[in-house]
Amino acid sequence: MPRQIFTEDHEAFRETVRTFLAKEVTPHYEQWEKDGIVSRDAWRAAGRQGLLGMAVPEEYGGGGNPDFRYSAVLAEEFTRAGTPGLALGLHNDIIGPYLTSLATDEQKQRWLPGFCRGEIITAIAMTEPGAGSDLQGIRTTAEDKGDHWLLNGSKTFISNGILADLVIVVAKTTPEGGAHGLSLLVVERGTPGFERGRNLDKIGQKSQDTAELFFHDVRVPKDNLLGELNGAFVHLMTNLAQERMGIAVAGIAAAEHLLEITTQYVKEREAFGRPLAKLQHIRFEIAEMATECAVTRTFLDRCIADHSDGTLDAVHASMAKWWATELQKRVADRCLQLHGGYGYMTEYRVAKAFTDGRIQTIYGGTTEIMKEIIGRSLLG
C-alpha cells in the first residue's frame, strides 16, 4: 500500500539522508566495525548536513522542527543501509528531548549548539549491573554537598559510552531512591572521577560503542542537575514513548528490507533445477512475511502520525515497540533460513541483520516489560 504520512518535504529529506549515507557512512562502515567505534568526523558531518538536533529550537542551532516524521525517515534509511552504529536516533530522539524540555536557558546555551554540530556526543546512563528495566533497583548515588553533588556508582551497556562528551546519569538523590528519589545529573567529559571501562564486545552492532561507566567521588556542579530534583522517574516515563517509537520504526523498516532482499534472492537462487521461488513452501513463507509486514506497517504509520501530532500514548507506543521488534526477529530468522548456508556468511546482509537486530527486543524496555505495561492498562 502507498504510504500516506509523508509529504514532499519528508521525501526530499529522505534523499538527503541517502546521499549522506552514501558519502559519509557506507564507505567507512567496514572499518568502523573493525575498530568497534565510529569516527567523530561522521558526527560532525551529520551536524553539517542538518541531521542532528532537528527538533532543537533554531536559537540553539537546531532545525526548529519537532515533526517526528523526519526522525522516522532517518531511522528507516539508516536501517535499510545496515548502519546502526552511528547512533543518531539515540542522540536526537532520546537525549534531545531531555535537553530541550528540561534544561535551563543557561544549560541549553551551554550544550545544545555543540549537540547540533556533532561536537558534543551524548549518552544516557540508566542501566546498572544489577538494574536493567527496573529503575527501582538503581544504586548509583548522588549526595548533596552544598555547592555540588558527589556521584558514586557504575553503569553498564551504555550506548555511545566511549564517544560521549555529555552523559545524563540517573542517580539516587534520596536514600530510598525509587519513583520519588531519583534525579538526572549531567556529567561532562574530563570530570575527575568519571572513568570509562571496556568497549563491550557484542554479537552485533560492532561499530556502536557500548561501554561500562564508573563514577568515583565525581563532583557534579549543582548547575548540572537536569529537570526537577527527585523528578527523574517522571521525566524518564515522559520520554520513553518516543524512544520506543524510534526502535519500533527501525524494527519494521528492517523487516521490510529483509523481505525485499530475500524475495530477490529466492527468485535468483536455484535448487533442484529451478528457482527457489517456484517452490510452494517458499512462496508461502514470503506471503506470510509480506502480510505480517503490511499489517504492522499500517499500525506503525498510524503511531508515527499520532506521535507527530502529540497524541500517541505510552500503551500504543509499547504495542508498537514489542510487536515490530518481535516481527523483525522472526523475519530475520526466516530470511536467513531461506538463504541457506549463504545466510550464515557475514558478507550477506541477512547475516548482519540477524545479529545487529537481535538487541531490538531488549533495549528500550524488553518485550516482557512492554506486555506488562499493556496488560496493566487493560486489567489494572
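Predicted model: local features only at pLDDT ≥ 70, side-chain atom pairs only at ≥ 80, totals over all residues.

Helices (H or I, at least four residues) and strands (E, at least two) are taken here as DSSP runs, numbered from the N terminus.

UniProt, in an unreviewed entry, gives residues 236-379 as "domain: Acyl-CoA dehydrogenase/oxidase C-terminal". Over residues 236-379 the chain is 76% helix and 3% strand, with its end C-alpha atoms 23 Å apart. The unreviewed entry also carries the annotation "domain: Acyl-CoA dehydrogenase/oxidase N-terminal", for residues 7-119.

The largest nonpolar core contains 57 residues, and Leu-86, Leu-88 and Met-245 have the most contacts inside it. At least two residues of this core come from each of α1 (8-35), α2 (40-48), α3 (68-81), α6 (232-268), α7 (280-309) and α8 (314-338). Helix α6 provides the largest share, 10 residues. To see the packing around one member, look at Leu-86: leaving aside residues up to four places away in sequence, Leu-86 touches Phe-20, Val-25, Val-38, Ala-42, Trp-43 and Phe-78.

Now turn to empty space. Rolling a probe the size of a water molecule over the atoms shows where such space is left. The second largest pocket has a volume of about 420 Å³. Its lining consists of 26 residues, and those nearest the centre are Ala-55, Pro-66, Pro-97, Gln-242 and His-307. Two or more lining residues come from each of α3, α4 (88-102), α6 and α7, and α4 gives the largest share, five residues. Sorted by class, this lining has 10 nonpolar, 13 polar and three charged residues.

Two points in the backbone remain. Phe-157, in strand β3 (residues 148-159), has a phi near 60°, a positive value in a residue other than glycine. Is Phe-157 buried or exposed? Phe-157 counts as exposed because its relative accessibility is 57%, and the cut-off for exposed is over 50%. Asn-230 is also not a glycine, yet has a positive phi of about 65°. Asn-230 sits in the loop between β8 (225-226) and α6. With a relative accessible area of 24%, Asn-230 is partly exposed.

Terms used. Residues numbered from 1 in each chain as written. Heavy atoms only, no water. Core = buried A, V, L, I, M, F, W, Y, C linked by side-chain atoms within 4.5 Å. Buried < 20%, exposed > 50% of the residue type's maximum accessible area, 1.4 Å probe, protein only. Contact = heavy atoms within 4.5 Å. 1 Å grid on protein atoms, 1.4 Å probe; cavity = no way out; pocket = protein on both sides within 12 Å on 5 of 7 lines; lining within 4 Å. Points joined across faces, edges and corners; volume = space filled by probe spheres on them. Nonpolar A, V, L, I, M, F, W, Y, C, P; charged D, E, K, R; others polar. UniProt positions renumbered as here; feature names shortened; annotations may be inferred.
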